[in-house]
Amino acid sequence: MVWCGTMSSPCIALVGAPNAGKSTLFNRLLGRRKALVHPTPGMTRDVNEAETTWEGRPVRLVDTGGLFPPGDPGLADGVRRSVMEAAAAADVLVMVVDGRAGLTPLDRELAAMFRTTGRPLVLAVNKMDVPGRDEGAAEFHALGFPEVLAISADHDVSIGDLRSAVARHLPEPRPASEAEEAPRAVTLTIGGRPNVGKSSILNRLLNEERSIVSEIPGTTRDTVDSLLRSGERLYRIQDTAGLRRKGRVEVGPEGLSAMVARRHLERADVVLLVVDSLEGITQQDLHVAGLAIEKSRPLIVLLNKSDLVEPEQASALLEQSATRLKFAPHAPVLTVSALTGRGIGRILPMVDEVHEQACRRMTTGRLNAWLRRAVESHRPPSVSGREVKYFYAAQAANNPPRIVLFGNIEGPPHFSYQRYLENSLREAFDLTRTPVLLQYRERPRAARTSTRPRRKGRKSRV
Ligand code: GDP
């Protein structure tokens, strides 16, 4: 089984306009001269990522430079989206600007975008290997960030200061005892309306598993989680104290507790949605399920209090669930009873299965073989009379799997073809119980013209 979890090292992203020096800084921070340390497989231009140590702590360093198409100074929608995705996924941002070129409109636009992520940001004014560096950096204070540092990635100037400034914003490390356990734990959140039986299910899980259970500080502030060991596996159940303090945290559309619940949901490896069998799937249940789908979190629906319904009613309920949860066909539905214990033993094995699928990694070779077969047996519909082609596929992320397909058009194909490809992928790789994300990109121009000589005069990217 693959255990990837969501609790990896803190992530520092280098962001900013092309040519500012992100890649040079990336390499400087990694202590090496060459670019492309861990290029995402199959992709020539995308984020570069590397694990490194930062003032004694493991961190993930991400260079977003590849998200900008070469030679294009603007901020196309697709680029904006990818850059924002990368920025929002980071814990700390280092915005790199070109100190020699001075403040540009693109810098202002990017700064405004990054501010909306709410992430701490350190501004690195690069290429300042000249006398009067601090004065040169002064105009960048106009961007409104409190920390502005004049550096030179190329000449190794003030890189130590930059490290310290960023380190101050890294999230607190977890206590040693927990740090040993937590990275391998699968994080679960139990959601649902009041009185559906969430705490009863929690207690059943904790008691039935003959497990070692310990209470640990929660994944969100002021909450308490439970760490549950079952055999070799570890599960972190979020906010168990809140679940027991009745009515405090309910996943629903309103209020502060809903916000906390939403954060739990976002941090969960698997979301367990508890539904009262007597009432069936309600609007509020659909809201939670919708949120899980929106956040690409694997979901398992538990139809609880099954002891209170007759067998015919139970099968009608399963049908109703399938209809109402049409938008989440991959979410398994289990019939359980916290009162009698029925079905409770199936919950954690299902969590393992779902989580294993979500963490699945597929090689570029196998993905490409699948793509060739899928496209051959059902050709993509043409767009405005133009034949649509897909050239290759690569997995860009997991938990859940995110597959990028590179073709000759920008954006996704017709909806029905997207559905066809998704179903075909799910079938080919046994990904029937996890969300999967398919993204469509135009094959980078560089790859298309790679056999031709390079155009003269194109500015090289840093
Ligand atoms: P929560 O608010 O979702 O945490 O719900 P609780 O776990 O506190 O349960 C609410 C009520 O439903 C309590 O009176 C439980 O005893 C009862 N309950 C929970 N699960 C079941 C079940 O499977 N069958 C029956 N009959 N009652 C249940």
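This briefing describes the fold, selected strands, a pocket and several individual residues of one protein structure. The structure is a predicted model. The protein contains 15 helices and 16 strands. Of its 462 residues, 51% count as buried. Among contacts with a separation of 6 or more, 71% are between residues 24 or more positions apart.

**Strand S1 and its partners**

- Strand S1 covers residues 11-15 and pairs with S3, and strand S4, residues 92-98, is also a partner of S1.
- Five of the five residues of S1 are buried, so this strand is largely enclosed by the rest of the structure.
- In a regular strand the side chains alternate between the two faces of the sheet.
- In S1, Cys11, Ala13 and Val15 point one way, while Ile12 and Leu14 point the other way. The residues on both sides are all buried.
- S1 and S3 run parallel and are joined by four bridges. Within this pairing, Cys11 stands opposite Arg60 of S3, and Ile12 stands opposite Leu61 of S3.
- The pairing of S1 with S4 is likewise parallel and has four bridges. Here Val15 has Met95 of S4 as its bridge partner.

- Strand S3 spans residues 57-63, and five of its seven residues are buried, so S3 is largely enclosed by the rest of the structure.
- Strand S2, residues 48-54, pairs with S3 in the antiparallel sense, over seven bridges.
- One of the pairs across these strands is formed by Thr52 and Val59, the latter in S3.
- S2 and S3 form a hairpin with two residues between the strands. In this hairpin, Glu55 takes a positive phi near 45°.

**The second largest pocket**

- The volume of the second largest pocket is about 580 Å³.
- Its lining consists of 19 residues. Those nearest the pocket centre are Pro329, Arg419, Glu422, Asn423 and Arg426.
- By residue type, the lining divides into nine nonpolar, five polar and five charged residues.
- Helix H14 (415-428) and strand S16 (437-442) each supply at least two lining residues. The largest share, seven residues, comes from H14.
- The lining of the second largest pocket also draws on two domains, with at least three residues from each of domain 2 (186-358) and domain 3 (364-449).

**Two histidines in loops**

- His330 lies in the loop between helix H11 (311-324) and strand S13 (333-335).
- His330 has a relative accessibility of 9%, and it therefore counts as buried, the cut-off being under 20%.
- Apart from neighbours within four places in sequence, His330 is in contact with Ile293, Arg426, Thr432, Arg433, Thr434 and Pro435. Among these, Arg426 is also one of the residues nearest the centre of the second largest pocket.
- His169 is located in the loop between helix H5 (159-167) and helix H6 (176-181).
- With a relative accessibility of 28%, His169 counts as partly exposed.
- His169 and Leu121 are 48 residues apart in sequence, and their C-alpha atoms are 8.7 Å apart in space.
- When neighbours within four places in sequence are left aside, the contacts of His169 are Val92, Pro120, Val122 and Glu147.

**Backbone features in loops**

- Asn19 is not a glycine, yet has a positive phi of about 75°. Asn19 lies in the loop between S1 and helix H1 (22-30).
- Ser158, another residue other than glycine, has a positive phi near 60°. Ser158 is placed in the loop between strand S6 (148-150) and H5.
- The relative accessible area of Ser158 is 18%, which means that this residue is buried.
- The peptide bond from Asn399 to Pro400 is cis, with omega near 0°. Pro400 is found in the loop between strand S14 (390-397) and strand S15 (402-407).

Notes: Residues are numbered from 1 along each chain as its sequence is written. This is a predicted model: local features need pLDDT of at least 70, side-chain atom pairs count only at pLDDT 80 or more; totals for chains, interfaces and linings use all residues. Side-chain values use heavy atoms; hydrogens and water are left out. On a 1 Å grid over the protein atoms alone, a cavity is a set of points where a 1.4 Å probe fits but cannot get out, and a pocket is an open set with protein on both sides within 12 Å along at least five of seven lines; lining residues have an atom within 4 Å of a point. Grid points are joined across faces, edges and corners, and a volume is the space filled by probe spheres set on the points. Ala, Val, Leu, Ile, Met, Phe, Trp, Tyr, Cys and Pro count as nonpolar, Asp, Glu, Lys and Arg as charged, and the others, Gly among them, as polar. Domain bounds come from an automatic or database domain assignment. Buried means under 20% relative accessible area, exposed over 50%, partly exposed in between (1.4 Å probe, protein chains only). Two strands pair if DSSP finds at least two bridges between them. Contact means heavy atoms within 4.5 Å.
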